[in-house]
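Okay, everyone, thanks for coming.

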Amino acid sequence: MMRAIFLFLLGFTFVANAKDVALKTEANVMVELTFTAQQIHADPFNDVKLDVVFTDPQKRELRVPAFWDGGNIWKARYASPITGTHRFRSECSDAKDKGLH
């Protein structure tokens, strides 16, 4: 399961995950997450379901379906007007593909 923390502070978003990657954006601006499958899927558009569940600072969850972007790439987009710490986790129909979790 892939996890990260979003911090919406002073109009910027910082993302921290296991690799300590940081991304900056203003509040209410879309953040795009990219997931790279580690396995080959014969029919990824129809056979793989990937959702990203975001949790805002008020503990509300929003499930965002990711979309297949060709090859072994899936993407999800998210924007929030709420400042504070935002978390996410991915949920995939293929439990064996660690690149989508």
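**A lysine and some rings**

So, the side chains of K75 and E32 are joined by a polar contact of 3.3 Å, meaning N or O atoms within 3.5 Å, where within protein one must be able to donate a hydrogen and the other to accept it, and residues adjacent in sequence count only if both atoms are side-chain atoms. Quick caveats: this is a predicted model, with local features needing pLDDT of at least 70, side-chain atom pairs pLDDT 80 or more, and totals for chains, interfaces and linings using all residues. Residues are numbered from 1 along each chain as its sequence is written, and side-chain values use heavy atoms, leaving out hydrogens and water.

Back to K75: its side chain also makes a polar contact with the side chain of D69, at 3.3 Å. Buried or exposed, this K75? Buried, at 18% relative accessible area; the cut-off for buried is under 20%, with exposed over 50% and partly exposed in between (1.4 Å probe, protein chains only).

Now the rings. There are three aromatic pairs, counting Phe, Tyr and Trp (its six-membered ring) with centres within 6.5 Å; planes under 30 degrees apart are stacked, over 60 edge-to-face, the rest tilted. F35 and F88 have centres 6.5 Å apart and planes at 90 degrees, so that one's edge-to-face. Both F35 and F88 are buried. F54 and F88 sit with centres 5.8 Å apart and planes at 45 degrees, so call that pair tilted. F54 and F88 are both buried too. Put together, ring pairs link F35, F54, Y78 and F88 into a cluster.
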